[in-house]
Amino acid sequence: MSDLVSERGSMGWVRTARELLHQGPFLSLYCDSVIRPDGVAGTYEHVVVEDSVRAVALDDYGQVVLVEDDFYLQERRVLHLPGGGVAGQDPEAAAVRELEEEAGLVAGETRLLGVIDPLPATTGARTHMFLATGLRPGRTRRDETESEMTVHRWRLDDAVEAVRSGKITEAASVVALLLAEREQA
C-alpha cells in the first residue's frame, strides 16, 4: 500500500489520511479519508492482508490434489486446493511450500496459471495460482488450525465438475481449476 496520496492518480481516488482501526496477527483494518472520483469527500474502510497462493497439483494420471478442512466463517468443511499466505516469500516459492505443508507433496515444476483480485473492494491482496507437476512425496507440516485437514485426489475433470455443481466454492480454487482444465484441453 502506498504512502499518503497527495495528488489525483489515474484511477480518480485521492487518499488524504489513513487511520489504523485494528492490528491483528493476520490482518489490519484501516479507514482512509478519501476524495472519491466524483469529487466528494468520504471514507473507505479496507483490510490489509498478505497475498496468497493456490497450487493445482496435477499428477501423471491426470489427478489433482484437493484438501478439505473446517472453515470457521463458512461453518462447514470446505474442499479447496492447497495454498495459503505468501509469508514474505516469492509467490511461487510459497505455493511450493504450501503444497508440501498441506498435502505432503513436492513439486518438480511449477508454472503460473494466473493472478486474481478475489475481493478488490475489500482488500488489495491478490491470489497467485500455480500449476504444479512432477510431484514426489514430501513432508506434511500443517499448522494447528489444519489438524482436521484431509487430502483427496480427484480426476481434473471431476474437480471441474465439482466447481460447476457448487461443491468446490473457494474462489481461487474455482479459477485455478478452470484455468488448469483449459490448459490441459
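At 6% relative accessibility, Asp32 counts as buried, where buried means under 20% relative accessible area, exposed over 50% and partly exposed in between (1.4 Å probe, protein chains only). This is a predicted model, in which local features need pLDDT of at least 70 and side-chain atom pairs count only at pLDDT 80 or more, while totals for chains, interfaces and linings use all residues. Residues are numbered from 1 along each chain as its sequence is written, and side-chain values use heavy atoms, with hydrogens and water left out.

**Salt bridges**

- A search of the whole structure finds 13 salt bridges, each defined as a side-chain nitrogen of Lys or Arg within 4 Å of a carboxyl oxygen of Asp or Glu.
- One of them joins the side chains of Arg18 and Asp32 at 2.8 Å, N to O.
- Arg18 lies in strand 1 and Asp32 in strand 2, so this pair ties together parts that are 14 residues apart in sequence; helices (H or I, at least four residues) and strands (E, at least two) are DSSP runs, numbered from the N terminus.
- Arg18 counts as partly exposed, at 29% relative accessibility.
- Glu100 and Arg141 also meet through their side chains in a salt bridge (3.6 Å, N to O).
- This second pair links distant parts of the chain, 41 residues apart: Glu100 belongs to helix 1 (residues 91-103) and Arg141 to the loop between strand 11 (136-137) and strand 12.
- Glu100 is buried at 18% relative accessibility, whereas Arg141 is partly exposed at 32%.

- Three strands form an open antiparallel sheet in the order 6-5-12; two strands pair if DSSP finds at least two bridges between them.
- Strand 6 (76-80) and strand 12 (150-155) stand at the edges with a single partner strand each, so one side of each has no neighbour in the sheet.
- Strand 5 and strand 6 pair over five bridges.
- Glu68 is found in strand 5 (residues 63-71) and stands opposite Leu79 in strand 6.
- Glu68 and Leu79 are eleven residues apart in sequence, yet 4.3 Å apart in space, C-alpha to C-alpha.

- Phe26 is located in the loop between strand 1 (14-23) and strand 2 (28-35).
- Phe26 counts as exposed, with 71% relative accessibility.
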